[in-house]
Each structure stands twice: as structure tokens, then as C-alpha cells.
Amino acid sequence: MLDNDKKLIVFQAQTRNVQELQATWRHLKRSLHRDLVAGNLTSAAALTRLLALTYCAWTETLFSKLIHTPYGFDCQEIESIKSLAKNNIVLGWGRCVELALVHVVSSSVSDISSAKKALNDLVKTYIQEPSQLRNKIAHGQIVVALNSKNDDINSKLTGEISSLDIVKLDRLRAGATGLANMIEMLIESPEKTGMKNFQKVSKEIVADLNAMSSFTMIAKIALLKTKTSRSPRNIAGVVISED
């Protein structure tokens, strides 16, 4: 049975795991950026698959860290979230949204309704829509996806896997991060008035994600090459990149 002591233990453990996965993400991106600049497509493809696997692991760990946030959901709420997420992670995130809004006080009905729509839109776009893709990749189907019975090929998901690139993975990761941050904002405020700055922050997050949606791999590679040529740390075409 989960209690507050165990909740803290899980939160601290998952915080370390999230940090390590973020470090792995940064390392893989730096290597991938070098390959993209150098035109080493074979290595870039392999690193993109590793980045996809890291994204899948990170998303699961981020969710666990979020629901065990100290001074956030109580133990009973966490159990209800986990019971839904066990069979359907999308329902688990949806329950997070529902319970997070229950924590908010002194807010108008319209503000709550607006926040619910913003959060559910992010759940749909960044959790629900890529959920099957994450499931296939997490189970090792990183090139060819099988159907639900594992007795034939799922052509649609196979196509989606083959079209994955660093730009798409960056946006998926940013979307999950934004969603988690918005939920955390609602549940972690000591006064339970997380809605105070919610509207402003949520609009900024959505605007940033929308801007990312128009970014392409062609633009990404061009930007990397520009950074490489201008960087004083550039050595033999190697560019050092941020997260």
C-alpha cells in the first residue's frame, strides 16, 4: 500500500531516472547532430532509433515522477491514476488532468473549462496520438511494426516509424514536457491556486509547440551547418549542441 514515505521514495527515484534519461537524450542528440552535418546517414538513422527508444522510456518515467510529486496528488488519487494507466497510459494522463483541476480553488468555471481543454488537447496530441507508436518502439519494433496479434505487419505504424526524425521526436518530447509542467503547476502550489499563472504559461507552451510544428529536417540540418561554420569550438566539422 502506498503511503507518503513510499511516495517520496518513488518520486526521488524517478527524478534520478528522468535526469539520467535527459542526459542520455542530450548525448545522443550531440552525436546525431554531428552525423547529420557530416552526412553520415547510416549512423544518423541508428542514433534516431536509439533516441526514439530513449523518448519512450523517458515518457513513462516522467509520468511516474509527475504523479508522485510531493504535495501533489494524495496516495488514493495516485492509486486511481495508476489503475487506469496500467492498461491504458492515455487514460492515466486523462485522470491526472481531471484530478489536477479538482485541486484548483478560487477559479471561475470558465477558467477551469479553458484549462481542461488546453490540457486535454495536449493529452490527445502528445500522448494519445503517438501512443501506439511508443508501444511498438518500446517493444523493440523500431523498424517494422506488427499488428496487435503479432501475426502480420502494421503498414501504417511501420510508415510512421520510418518517418520519425529528430525534429518530430523533439516536438513529441516538448509536448509531453509542457503537459507535465502544466499539471504540476496545478497540483504543487501550496495555496492550491495553481490557476493564477496557468493561462499565461499554457499559452506560451502551446505557442512554442505550434512554432515547432512548422520546423523541418531540411531547416534543422541547415541550422546545424550554420552553427558548425560559426562555432569557435568547431573541430573538423563537429558541432557541440545543446538539449
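How exposed is Arg-95: buried, partly exposed or exposed? Arg-95 counts as partly exposed, at 22% relative accessibility. Keep in mind that this is a predicted model. Here are my notes, point by point.

1. **The overall build.** Let's start with the big picture. The protein has 10 helices and 0 strands. If you walk along from the N terminus, the elements simply read α-α-α-α-α-α-α-α-α-α. The C-alpha trace spans about 55 × 50 × 35 Å along its principal axes. A compact globule with 243 residues would have a radius of gyration near 18 Å, and the 20 Å of this protein agrees with that.

2. Of the 243 residues, 42% are buried. The accessible surface comes to about 13200 Å², and carbon and sulfur atoms make up 55% of it. Now look at who touches whom. Among contacts with a separation of 6 or more, 70% are between residues 24 or more positions apart.

3. **Back to Arg-95.** What does the side chain of Arg-95 meet in a salt bridge? Its partner is Glu-98, with 2.7 Å from N to O. Both residues sit in helix α4 (residues 89-102), and because they are 3 residues apart there, about one helical turn separates them. Glu-98 is partly exposed too, at 45% relative accessibility.

4. **Other salt bridges.** The whole structure holds 6 salt bridges. One of them joins Glu-160 and Lys-156, at 2.6 Å from N to O. These two are 4 residues apart in helix α7, so again about one helical turn lies between them. Lys-156 is exposed, with a relative accessible area of 60%, while Glu-160 is partly exposed at 26%. Another salt bridge links Lys-124 with Glu-129, whose closest N and O atoms are 2.9 Å apart. Lys-124 counts as partly exposed at 43% relative accessibility, and Glu-129 is partly exposed at 47%.

5. **A look at Leu-133.** Leu-133 belongs to helix α6 and is buried, with a relative accessible area of 8%. Which residues does Leu-133 contact, once its neighbours within four places in sequence are set aside? They are Leu-157, Glu-160, Ile-161 and Leu-164. Leu-133 and Ala-52 are 81 residues apart along the chain, yet their C-alpha atoms are separated by 9.8 Å.

6. **The cysteines.** A disulfide is a covalent bond between the sulfur atoms of two cysteines. How many disulfides does a search of the whole structure find? The count is 0. Cys-75 is in no disulfide, and the nearest cysteine sulfur, in Cys-96, is 14 Å away.

7. Most residues other than glycine have a negative phi. Tyr-71 has a positive phi of about 65°, although it is not a glycine. You'll find Tyr-71 in the loop between α2 (41-67) and α3 (75-85). Tyr-71 is also exposed, with a relative accessible area of 72%. Asn-150 has a positive phi as well, of about 55°, and is not a glycine either. Asn-150 lies in the loop between α6 and α7 and counts as partly exposed, at 49% relative accessibility.

8. **A nonpolar patch.** Which residues form a nonpolar patch on the surface? Val-143, Val-144 and Ile-153 do, and together they have about 240 Å² of accessible area. Val-144 sits in the loop between α6 (131-138) and α7 (155-162), and Asn-150 is in the loop between α6 and α7 too. At 39% relative accessibility, Val-144 counts as partly exposed.

Methods. Residues are numbered from 1 along each chain as its sequence is written. This is a predicted model: local features need pLDDT of at least 70, side-chain atom pairs count only at pLDDT 80 or more; totals for chains, interfaces and linings use all residues. Side-chain values use heavy atoms; hydrogens and water are left out. Patches are made of residues with over 30% relative accessible area and no salt bridge: like charges are joined within 9 Å, nonpolar side chains (Val, Leu, Ile, Met, Phe, Trp, Tyr) within 5 Å. Accessible areas come from the Shrake-Rupley method with a 1.4 Å probe; for residues, only the protein chains shown count as cover. A salt bridge is a side-chain nitrogen of Lys or Arg within 4 Å of a carboxyl oxygen of Asp or Glu. Buried means under 20% relative accessible area, exposed over 50%, partly exposed in between (1.4 Å probe, protein chains only). The radius of gyration is taken over C-alpha atoms; the globule rule is 2.2 Å times the number of residues to the power 0.38. Contact means heavy atoms within 4.5 Å. A disulfide is a pair of cysteine sulfur atoms within 2.5 Å.
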